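Thank you all for coming. Please take a moment to look at the sequence and the structure on the screen before I go through them.

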Number of protein chains: 2
Amino acid sequence: MEREFLAWLRDHLPHHPRFLLGPGDDAAVLQLSGDRCVVTSDMLNDGTDFVSGKSDWKLVGRKALAVNLSDLAAMAARPAAALVSVLLPRHEGLQIGKALYGGLMALAAEFDLPIAGGDTNSWDGPTVISVTAIGQTTPHGFWRRSGAWPGDQIVVTGCFGGSILGRQFEFVPRVREALKLNAEYQIHAATDVSDGLSLDLSHLLEASGCGAELHLDRIPVSDDARRLAASTGDSAQSALDHALGDGEDFELILAVPADEAERLLADQPLDVPLSRIGQFIDEPGLWQITGKTGRQPLVLRGYQH
Amino acid sequence: MEREFLAWLRDHLPHHPRFLLGPGDDAAVLQLSGDRCVVTSDMLNDGTDFVSGKSDWKLVGRKALAVNLSDLAAMAARPAAALVSVLLPRHEGLQIGKALYGGLMALAAEFDLPIAGGDTNSWDGPTVISVTAIGQTTPHGFWRRSGAWPGDQIVVTGCFGGSILGRQFEFVPRVREALKLNAEYQIHAATDVSDGLSLDLSHLLEASGCGAELHLDRIPVSDDARRLAASTGDSAQSALDHALGDGEDFELILAVPADEAERLLADQPLDVPLSRIGQFIDEPGLWQITGKTGRQPLVLRGYQH
């Protein structure tokens, strides 16, 4: 199986001008555009990130790359290459492997991203796929979580909640958006939403050493979150709860100086809407502001590792 | 478990001057010494590369990094960083994870190599560890498999066979040796021995489009290969057979121009012996030369994927 799959890969992995030496040797050699590289790695496994027999393997492969590209977007890094390692069940492994790569390579092509290598294994267990993405900083520098200042506005891309209805596999990582924002606006800090809006925001607060106030009526709630709240009919989980707590939106949370936020929101320079949902404050903690009750601590929801 | 392990990792992953931004953000940012990077990835899984309950987890973690460093050595690349993703059984996962990292970080420290991130997951299945190594080319360029010329001598580091008796976990990747050889000698092509001496040599022949003659009496046979042959008492598997066919020696095979090989072998510049075991020839195929029977095709042995 492995030999047949490796032969299939040799025929299907395209060459790329960034390769000084492509896959097939002991390692690949990449020509970068500078001497800084941005690296991130994510591993997806059957039962946690997808379910064999229910999930579409093409979408699983796509997601394995997309979550890494989302991390590069959160750094405002330009994707340069990816490495892909798979562990496939002996039974049907060839078919699964081809489907995984099918989805992954289609997304890679959208971002002009070469697959620089990886590893292929088979066993009697379930499917595992691990992707490492390598990016490059641009002349505009890179974002980190630790740069938010009190007074900065909290600006987010897109809308939140209910990604389990499909977006968790089909989201487009905000790479192009991040590169455009980094080139044209002053952004103090950023992260992407994988564990949930409120939880990932709290990680950014922790790194920046400040607090934040969220205006709950300004949170962009997705139609999926509304559908999910309506379908369960569970009043304890409103659409807003889903928006605050569901994971895998893979949107960006940005810390933007107040004046710059005015300009950014007036410009709306992206295809996806930008919304201001609150501001960073000196006082630690994450606070919710509603019209009715004023300021209260926000209870964190999301995927706790 | 994951949260506790992540907290442990935060306390144990050392800072490194190569980090412009260390692990803990959405990605890490590395300061390289040039604009070329060398990348490779290997995934090890329970049942194939190690056996839960039999293998020492520290040695498993060490090996997961060492095989990648061996790939960098085969390119004459200087290790710059590694990313480590683990999938741990929920039961005893914390203990296994700490032991894996214990062995891995000790080897990383030997090579002044920062761990730039990765991913930590747990499930009800067996242990999987995936490592990506990032290296840098030096001013002396990098090696590839495809550069051997007819007339070049086949030179190898160390000795071969029987790595299953221990060296498969305890080998030292030939990074320092490769960097020294690349700086001081002309080497046309190289690979490392993971699947077995004869099989990996055949991969180099395929890439270079030439053949080779091996002098069987010059193959450096390890004491482990002799012990293994003696212990099985199986005449069909001599010590030489083990040297030619066993995998995971992680020594280097080098293609060296004839004059340069004379100089190299006279110098013996490494702590590990260098041996000339044959030469590359125009005619395709891998041939064995013995005193008694002259030239015959060599039957390939080794780990066929």
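How much area is buried between chain A and chain B? About 4,600 Å² is buried between chain A and chain B, and carbon and sulfur atoms give 55% of this area, where buried area is the accessible area (1.4 Å probe) that two parts lose on being put together, summed over both.

Before I go on, a word on the source: this is a predicted model, in which local features need pLDDT of at least 70 and side-chain atom pairs count only at pLDDT 80 or more, while totals for chains, interfaces and linings use all residues. Residues are numbered from 1 along each chain as its sequence is written, chains are lettered from A in the order in which they are written, and side-chain values use heavy atoms, with hydrogens and water left out. The predictor gives the complex an ipTM of 0.95 and a pTM of 0.96.

Back to the interface, where 56 residues of chain A are in contact with 56 residues of chain B, contact meaning heavy atoms within 4.5 Å. There are 4 salt bridges across the interface of chain A and chain B, a salt bridge being a side-chain nitrogen of Lys or Arg within 4 Å of a carboxyl oxygen of Asp or Glu. In one salt bridge, Asp26(A) pairs with Arg145(B), and their closest N and O atoms are 2.9 Å apart.

Strand β3 (residues 36-45) of chain A supplies the largest share of the side that touches chain B, with 9 residues; strands here are DSSP runs of E, at least two residues long, and helices are runs of H or I, at least four, both numbered from the N terminus. β3(A) also runs antiparallel to strand β2 (residues 28-31) of chain B, joined to that strand by 4 bridges, and strands count as paired if DSSP finds at least two bridges between them. Arg36(A), for example, has Gln31(B) as its bridge partner in β2(B).
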